[in-house]
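Have the structure open while you read.

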Amino acid sequence: MSVSYDLGKPTTLTREAGSEDRWTLNFGPQHPATHTTLRLVMELEGERIVSVIPDIGFLHSGFEKLGEHLNYNQYVVVVERMNYVCPISNDIAWHMAVEKLFGLELTPRCKAIRTILCELGRLQDHFLNVGVSGLDLGGLTAFLYGFNEREFLYDLIEEVSGSRFHPSYTRVGGLAQDIPTGWPGRVRKFLRTRVPTALKDIEALLLRNRIFIERTKGIGMISHDDAVNWSLTGPVARASGVKRDVRKDEPYLCYADNWDGRGAPAVDFQVPIAYGGDVYARFMIRMEEIRQSCRILEQLLDRIPEGPINALPAQKMTLPDKREIYFSIEGLIHHFEKVMTNRGLEPPLGEAYAANETANGELGYYVVSDGTNVPWRARTRPPSFINYQVFPHMIVGHQISDVPAVLNSLNIIAAELDR
């Protein structure tokens, strides 16, 4: 029997013409289990899923087009809205691509602070995801354990950036401002007093729960070869045995040797790999990555070098320090020259791509410059868009009740689907 769908036509559960037991179910775009605005048109045989057509486009905000009208510092407020679960990761990825275009080398202090924030962003994302893993299967408590720790992470991000939800903390060649005194100590206290307890509580609640195990093991599987062929990255790929992590394969910031120019070794950590390829394996990968992020943070908190946070202050490639703006006419002129619409930072003609290993996988930005102070083109490689394409392949043959578990294991962020 051939089945056709009209994606523009709102539908409910309808019986297919000429069939006694096949139904079409419209799942989303407004549904609590999708956690975001996306639609799945499912063909069902009883409660068994026969086929799925993902339908996106409900959250289109023109994110990429906006990049052609905002300068290289302004656009950071847009990119971090693509993944609002860990916005600081988007900030860093965007400016990595821009700095590659400009040919800028960051200062050691800036590299260390950005690496710390990368890992805090990963904790933000993973704590939400592992908590929701229980919520989607009917267990609220695990969600609270994960969500509670995110509040402390918000506090730490707010301390350095002044903004709780959308930090916009990075700038071309540096940071908006330096970290406050005592901040590394407060991060360390969080890592040692909050994280171990939260992980222990979540594991005790879920990994000894027969319902959770049976609802996640063998569900939403994808093989190693399929993961490679579908270009999957991050925990989704590593849960299928794909040994790929941008931090190791194409190291940047403090993940690279000699990051301080004085021979400092790269931060030491392991990339967790699993071979189950199912929802359970993806949950376990994220739990281990939380531990590895803490390991990275512990290494860096005592090794943040002294010195400036902005690159090449003498060449005036970055915004001046606030003290120069307030107390020096040269600093004030410098500031205006960088923020005026007919001035600003003007890179050479060219193009650049840079990627960051975020909580969901490889997040990359491709920037094309025509020599003016705004990009000619700003393109995103969002991990959610890549990971979401494989959802029909994972879910066919399962039941409707498995959809929330598989969707959450992919950690789909709709703003990355509709750019």
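## Helix 3 against helix 4

Are helix 3 and helix 4 parallel, perpendicular or oblique to each other? Bear in mind that this is a predicted model. Helix 3 covers residues 87-102, and its axis sits 8 Å from that of helix 4, at an angle of about 140°. The two helices are therefore oblique to each other, since the antiparallel class takes angles over 145 degrees. As for handedness, helix 3 and helix 4 make a left-handed crossing.

On the helix 3 side, the contact is built from P87, I88, S89, I92, H95, M96 and E99, and helix 4 answers with R114, L117, C118, G121 and Q124. Sort the residues of this contact by type and you get six nonpolar, four polar and two charged.

Now for the inside. In soluble globular proteins, nonpolar side chains tend to be buried together. Here the largest nonpolar core counts 77 residues, and W94, L117, L120, L123, W183 and L191 have the most contacts inside it. Helix 4, spanning residues 108-135, is the top contributor to this core, supplying 10 residues. Another core lies apart from that one; it has 28 residues, including L44, I219, V403 and L407.

Setting aside neighbours within four places in sequence, L191 is in contact with L123, P196, C294, L297, E298 and L301. L123 is also on the list of residues with the most contacts inside the largest core.

## Helix 5 and its partner

How do helix 5 and helix 7 run relative to each other? Helix 7 takes in residues 195-206, and its axis comes within 9 Å of the helix 5 axis, crossing at roughly 165°. That makes helix 5 roughly antiparallel to helix 7. This crossing is left-handed.

The meeting residues are T141, A142, Y145, G146 and E149 from helix 5, with A198, D201, I202, L205 and L206 from helix 7. By type, this contact divides into six nonpolar, two polar and two charged residues.

F152 is in helix 5 too. With 32% relative accessibility, F152 counts as partly exposed. Leaving out residues up to four places away in sequence, F152 touches F190 and R194.

## Two positive phi values

S168 has phi near 45°, a positive value in a residue other than glycine. S168 belongs to the loop between helix 5 (140-161) and strand 5 (170-171). Is S168 buried or exposed? Its relative accessibility is 14%, so S168 counts as buried.

N258 also has a positive phi without being glycine, with a value near 55°. You'll find N258 in the loop between helix 11 (246-249) and helix 12 (279-301). N258 is partly exposed, at a relative accessible area of 41%.

## A threonine in strand 9

Last stop: T380, which is placed in strand 9, residues 377-381. T380 has a relative accessible area of 4%, so this threonine is buried. What does T380 contact, leaving aside its neighbours within four places in sequence? The partners of T380 are E64, M82, L363, G364, Y365 and R419.

Notes:
Residues numbered from 1 in each chain as written. Predicted model: local features only at pLDDT ≥ 70, side-chain atom pairs only at ≥ 80, totals over all residues. Heavy atoms only, no water. Core = buried A, V, L, I, M, F, W, Y, C linked by side-chain atoms within 4.5 Å. Buried < 20%, exposed > 50% of the residue type's maximum accessible area, 1.4 Å probe, protein only. Helix = DSSP H or I, 4+ residues; strand = E, 2+ residues; numbered from the N terminus. Contact = heavy atoms within 4.5 Å. Axes fitted to C-alpha atoms, helices over the stretch in contact; angles between N-to-C directions. Parallel < 35°, antiparallel > 145°, perpendicular 65-115°, else oblique. Left-handed = near helix turned anticlockwise from the far one by under 90°. Nonpolar A, V, L, I, M, F, W, Y, C, P; charged D, E, K, R; others polar.
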